[in-house]
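This note is intended for a colleague who is meeting the structure for the first time. Please read the numbered points below with the sequence and the model in view.

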Amino acid sequence: PGTEKSLEMMSHPEPVRYFRVVEDMEGPALVSGTEKGTAYIWDLEGDDAGQVYGELRSMAALEILLPVINLFVTVAQVFSFAFGPAIPWKKEVHTKAVVAHKFMMLD
């Protein structure tokens with residue numbers, strides 16, 4: 001006690017909530033977690049000591065919802081083209097296509 005010294009300064013963009021020193025295949029590493037949900041893995045030994053070699057972050061709600069919304073828009077575009085008035089269909093097929101088109105376009 002009292003003889004510890006700081007070897008590296010590791011700055012974070014957000015306040016740090018948790019940290020732990022762990023041993024991996026390349027030697028000791030510092031794992032730190034911030035208030036915004038980002039986790040950093042810092043190398044503690046060797047020539048690259050003090051460098052971040054891993055970063056994990058939480059996904060925002062928009063990043064989760066956009067792919068789902070994009071899928072629905074793509075399906076609506078395909079249905080509106082395939083069953084739209086520009087494509088000639090037989091009378092029996094066209095009647096069912098109009099129903100599908102109205103459903104997909106929310107008419």
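Is P85 buried or exposed? P85 is exposed, because its relative accessible area is 82%; the term exposed stands for over 50%, buried for under 20%, and partly exposed for what lies in between, with a 1.4 Å probe and protein chains only.

1. Basis of the note. The model is predicted, so local features need pLDDT of at least 70 and side-chain atom pairs count only at pLDDT 80 or more, whereas totals for chains, interfaces and linings use all residues. Residues are numbered from 1 along each chain as its sequence is written, and side-chain values use heavy atoms, with hydrogens and water left out.

2. Overall arrangement. The chain contains two helices and four strands, and their order along the sequence is β-β-β-β-α-α. Helices (H or I, at least four residues) and strands (E, at least two) are DSSP runs, numbered from the N terminus.

3. Burial and surface. Of the 107 residues in the chain, 18% are buried. The chain exposes about 8,900 Å², and 64% of this is supplied by carbon and sulfur atoms. Accessible areas come from the Shrake-Rupley method with a 1.4 Å probe; for residues, only the protein chains shown count as cover.

4. Contacts along the chain. Among contacts between residues at least 6 apart in sequence, 19% join residues at least 24 apart. A contact is defined by heavy atoms within 4.5 Å.

5. E14 lies in the segment before β1 (16-24). This residue is buried yet has no salt bridge, and the nearest side chain of opposite charge, K36, is 4.9 Å away. In this assignment, Lys and Arg count as positive and Asp and Glu as negative, while His and the chain ends are not counted. Leaving aside neighbours within four places in sequence, E14 is in contact with T34, K36, T38 and Y40.

6. T34, the polar partner of E14. The side chains of T34 and E14 are joined by a polar contact of 2.8 Å. A polar contact is a pair of N or O atoms within 3.5 Å; within protein, one must be able to donate a hydrogen and the other to accept it, and residues adjacent in sequence count only if both atoms are side-chain atoms. T34 belongs to strand β2 (residues 27-34) and counts as buried because its relative accessible area is 8%. Not counting residues up to four places away in sequence, T34 touches H12, E14, P15, V16, R17 and Y40.

7. The salt bridge. How many salt bridges does the structure hold? There is one, and it joins E63 to R57, with the closest N and O atoms 2.9 Å apart. The term requires a side-chain nitrogen of Lys or Arg within 4 Å of a carboxyl oxygen of Asp or Glu. Side chains of opposite charge can pair when their charged atoms come close. E63 is partly exposed, because its relative accessibility is 32%, whereas R57 is exposed, with a relative accessible area of 52%.

8. A nonpolar surface patch. M59, L62, I64, L65, L66, I69 and V73 make a nonpolar surface patch of about 690 Å². Patches are made of residues with over 30% relative accessible area and no salt bridge: like charges are joined within 9 Å, and nonpolar side chains (Val, Leu, Ile, Met, Phe, Trp, Tyr) within 5 Å. One member, L65, lies in helix α1 (residues 61-82) and is partly exposed at 48% relative accessibility.

9. R20 in strand β1. R20 lies in strand β1 and is exposed at 60% relative accessibility. Apart from neighbours within four places in sequence, R20 is in contact with A29, L30 and V31. R20 and V31 are 11 residues apart in sequence, with their C-alpha atoms 5.3 Å apart.

10. The loop that holds Q51. Q51 lies in the loop between β3 (39-43) and β4 (52-56). At 48% relative accessibility, Q51 is partly exposed. Residues up to four places away in sequence aside, Q51 touches I41, W42 and D43.

11. P85 lies in the loop between α1 and α2. P85 and H101 are 16 residues apart in sequence and 10.0 Å apart from C-alpha to C-alpha. K102 is in helix α2 (residues 91-104) and is partly exposed, with a relative accessible area of 46%.
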